[in-house]
Amino acid sequence: MRLIARLKTLTAVALVALAGLAAAALPAASLPASAQEAPTRSGFDVTAERIDGTWSLETRADGTYLLFNEDFSTASGPDLKVFLSPQEVTDVRDRTATRNAVKLGALKRTSGAQEYRLPDGIDLSAFRSLLIHCERYSHFWGGAAL
């Protein structure tokens with residue numbers, strides 16, 4: 001079982017790396033100043049529970065947003081929250097997941113598009129990962145490298 005989980009993690013990391021290489025090879029599209037968007041990320045690197053789909057960061061006139069795209073889905077769970085963490089996603093553990101992390105809010109739904117506004121003045125370079133975490137039971141649901 002652990003071998004299968006490890007293989008899934010390695011496959012997800014490889015897909016993220018390949019997506020990054022493919023995106024780097026494509027010419028950058030020009031976006032209006034009001035909607036500067038980072039490339040869509042190809043999923044979640046580490047998952048303890050099922051999480052599928054893509055996400056991105058988008059800067060708008062009123063702030064920066066984390067977007068879970070239409071293809072996002074995860075297993076249901078109690079008290080799921082979305083965080084930005086200074087930890088590398090591979091170093092996150094159940095009880096330490098929220099240490100020095102910034103809570104963006106409760107997970108709005110377990111599937112479909114949704115967005116979370118980042119706090120004003122946040123320095124994204126201080127964070128290494130995006131996390132979904134069950135606060136009630138201190139259970140790390142999954143995450144992605146920023």
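## Close-up views of the predicted model

View 1. F68 is buried, at 1% relative accessibility. Buried means under 20% relative accessible area, exposed means over 50%, and partly exposed covers the range in between (1.4 Å probe, protein chains only). The model is predicted: local features need pLDDT of at least 70, side-chain atom pairs count only at pLDDT 80 or more, and totals for chains, interfaces and linings use all residues. Residues are numbered from 1 along each chain as its sequence is written, and side-chain values use heavy atoms, with hydrogens and water left out.

**View 2. Aromatic pairs.** The structure holds four aromatic pairs. Rings of Phe, Tyr and Trp (its six-membered ring) pair if their centres lie within 6.5 Å; planes under 30 degrees apart count as stacked, over 60 as edge-to-face and the rest as tilted. One of the pairs is F44 with F72, which is tilted: 6.0 Å centre to centre and 55° between the planes. F44 sits in the loop between β1 (35–37) and β2, and F72 in the loop between β5 and β6 (73–74), so the pair ties together parts that are 28 residues apart in sequence. Helices (H or I, at least four residues) and strands (E, at least two) are DSSP runs, numbered from the N terminus. F44 is buried at 7% relative accessibility, and F72 is buried at 1%. F68 and Y116 form an edge-to-face pair, 5.6 Å centre to centre with 65° between the planes. This pair links distant parts of the chain: F68 is in strand β5, Y116 in strand β9 (residues 114–117), 48 residues apart. Y116 is buried too, with a relative accessible area of 2%. Ring pairs join F44, F68, F72 and Y116 into a cluster.

**View 3. Charges over rings.** A charge sits over a ring if NZ of Lys or CZ of Arg is within 6 Å of the ring centre and within 35 degrees of the ring normal. K108 lies over the face of Y116, at 4.8 Å from the ring centre. R60 lies over the face of Y65, at 4.1 Å from the ring centre. R60 is partly exposed, at 23% relative accessibility.

View 4. L66 is in strand β5 (residues 63–68). Is L66 buried or exposed? L66 is buried, because its relative accessible area is 1%. Contact means heavy atoms within 4.5 Å. L66 and R117 are 51 residues apart in sequence and 6.4 Å apart in space, C-alpha to C-alpha. A nonpolar core is a set of buried Ala, Val, Leu, Ile, Met, Phe, Trp, Tyr and Cys residues joined through side-chain atoms within 4.5 Å. The largest nonpolar core has 20 residues, and F44, W55, L66, F68, V82, L107 and I132 touch the most other members. Strands β4 (55–60), β5, β7 (80–85), β10 (129–134) and β11 each supply at least two residues of this core. Apart from it lies another core, of eight residues, among them V46, F83, A97 and L131. Not counting residues up to four places away in sequence, V82 touches residues including L66, F68, L104, L107, Y116 and L130.

View 5. Five strands form an open sheet in the order β2-β11-β10-β7-β8, with antiparallel pairing. The edge strands are β2 (46–47) and β8 (102–106); each pairs on one side only. Two strands pair if DSSP finds at least two bridges between them. β2 pairs with strand β11 (residues 139–145) in the antiparallel sense, over two bridges. V46 stands opposite G143 in β11.

**View 6. Salt bridges.** The structure holds eight salt bridges. A salt bridge is a side-chain nitrogen of Lys or Arg within 4 Å of a carboxyl oxygen of Asp or Glu. R60 meets E58 in one of them, at 2.5 Å, N to O. E58 is buried, with a relative accessible area of 11%. The side chains of D79 and K81 also meet in a salt bridge, at 2.3 Å, N to O. K81 counts as buried at 13% relative accessibility. R128 forms a salt bridge with E88, the closest N and O atoms being 3.8 Å apart. R128 lies in the loop between β9 and β10 and E88 in the loop between β7 and β8, so the pair ties together parts that are 40 residues apart in sequence. R128 is partly exposed at 37% relative accessible area, and E88 is partly exposed at 38%. Salt bridges that share partners join D79, K81, K103 and E135 into one network.

View 7. D79 is not a glycine, yet it has a positive phi of about 55°. D79 is found in the loop between β6 and β7 and is partly exposed at 28% relative accessibility. S138, in the loop between β10 and β11, has a phi near 45°, a positive value in a residue other than glycine. S138 counts as partly exposed, at 21% relative accessibility.
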